[in-house]
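Here's a quick tour of the model shown below.

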Amino acid sequence: MKSKILLIVLGLCLGLILVEVFLRLVGFGYYSVYRIPEDAAADYRIFCIGESTTWGVGASNPILKGYPRQLEEMLREKFPHKNIQCFFDETIGQNTSEILEKMPTYIKKHQPNLMIFMVGANNWWNLDKSNILLFSKNKFISETYFKILVFLDRFRVWKLFKWIAYSLGLKKERWNYGWPSEWKVDEMGKIIRNRYDWSIFMKIAEYDIMEMMKICQLNNIKAIICSYPGEGGDLYYVHKSIAQKFRVPFVDNFKLFMSLPRREEYFAKDVPYGHPNDEGYRLVAENIFKCILENKLIE
């Protein structure tokens, strides 16, 4: 009996390892197909920081039709005498704590003159390297439960199983910070919550983004903070308040999309008011383009 149990456990472990390897290979294959343009030794360098919305998920071709490349084309047309290039990270689903940790690497590698931030949408479901321990009120939970969750979120297979469970409504977390099965988004893009406290994820976003702004200031890098096209909830006000505090331009993509008579036509079909489509990313690029011109960020 012990031998059988041991074989079952080993089989399960091996199966999970194989699934983890498979998911990482799939991700590698995806990024191999949609390769980020190489560094062209540009005169003016912009680094766009974010995740799936910055990568271009929802567009017909994420690399060519995402907002960074469309913004780059607009700027090159406006400033033909300058060699302008927009860079962006290839990571999808990362949280603000992961992005904050990568900031020194981004700056060292790309040496940007301007950094554009659209971050925070993944804080609630991805705790990999999350700074959530800084804001947990219960020290016992901080040292046990959260640490376990942060560790597990490093694995693709765990994220896959978790996302499937949330999507099917099979999983409902007991701790008081809300998950997809427990909240909905109204027509204004605001999160409808019943008994869940969403504030911890906003605190993480606020802390991380403020640290990012400080890093930009220390390195004399100009910055722009953007709201998400389909997100008008608490995160929207976090973005806006930090932009005011650090006196950096705020690009209100949410307000722009809310003004559209048929705004659903500018989003992909994957998630309602989630990822924009080609036309939606064009509007985001135009909105940021206008901000750059109005604030004379490129001389």
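Let's start with Gln 70, which is buried at a relative accessible area of 11%. (Buried means under 20% relative accessible area, exposed over 50%, and partly exposed in between, with a 1.4 Å probe and protein chains only.) Gln 70 sits in helix α4, residues 67–78. Helices here are DSSP runs of H or I with at least four residues, strands are E runs of at least two, and both are numbered from the N terminus.

Which residues does Gln 70 contact, leaving aside its neighbours within four places in sequence? They are Leu 64, Lys 65, Asp 278, Tyr 281, Arg 282 and Ala 285, where contact means heavy atoms within 4.5 Å. With Lys 65 there's also a polar contact: a polar atom of the Gln 70 side chain lies 2.7 Å from the backbone oxygen of Lys 65. (A polar contact is a pair of N or O atoms within 3.5 Å; within protein, one must be able to donate a hydrogen and the other to accept it, and residues adjacent in sequence count only if both atoms are side-chain atoms.)

## Ground rules

This is a predicted model, so local features need pLDDT of at least 70 and side-chain atom pairs count only at pLDDT 80 or more, while totals for chains, interfaces and linings use all residues. Residues are numbered from 1 along each chain as its sequence is written, and side-chain values use heavy atoms, with hydrogens and water left out.

(A salt bridge is a side-chain nitrogen of Lys or Arg within 4 Å of a carboxyl oxygen of Asp or Glu.) Arg 69 and Glu 72 meet at 3.6 Å, N to O; they're three residues apart in the helix, so about one helical turn separates them. The other link joins Glu 72 to Arg 76, with the closest N and O atoms 3.7 Å apart. That pair is four residues apart, so again about one helical turn lies between them.

Arg 69 and Glu 72 are both buried, with Glu 72 at 6% relative accessibility. Arg 76 counts as partly exposed because its relative accessibility is 36%.

The structure holds seven salt bridges. One of them is in α9, between Lys 214 and Glu 211, where the closest N and O atoms are 3.2 Å apart. These two are three residues apart, about one turn of the helix. Lys 214 is partly exposed at 37%, and Glu 211 is partly exposed at 23%.

## The bend in α5

Helix α5 (residues 96–110) has a kink of about 45° at Lys 102, shortly before the proline Pro 104. The bend at a residue is the angle between axes fitted to the seven residues ending there and the seven starting there. At the start of the helix, a side-chain oxygen of Asn 95 reaches to within 3.0 Å of the backbone nitrogen of Ser 97.

The buried residues of α5 include Leu 100, Met 103, Tyr 106 and His 110. Their cover includes β1 (44–49), β2 (84–88), β3 (114–117) and α9 (199–218). His 110 is buried at 10% and touches Arg 45, Phe 47 and Phe 87, not counting residues up to four places away in sequence.

## Two positive phi values

Gln 111 has a positive phi of about 45° although it isn't a glycine. It lies in the loop between α5 and β3 and is exposed at 57%. Asn 220 is another residue other than glycine with a positive phi, near 55°. Asn 220 is in the loop between α9 and β6 (222–226) and is exposed at 72%.

## The chain overall

The chain comes to 12 helices and seven strands, and 48% of its 299 residues are buried. Among contacts between residues at least 6 apart in sequence, 73% join residues at least 24 apart.
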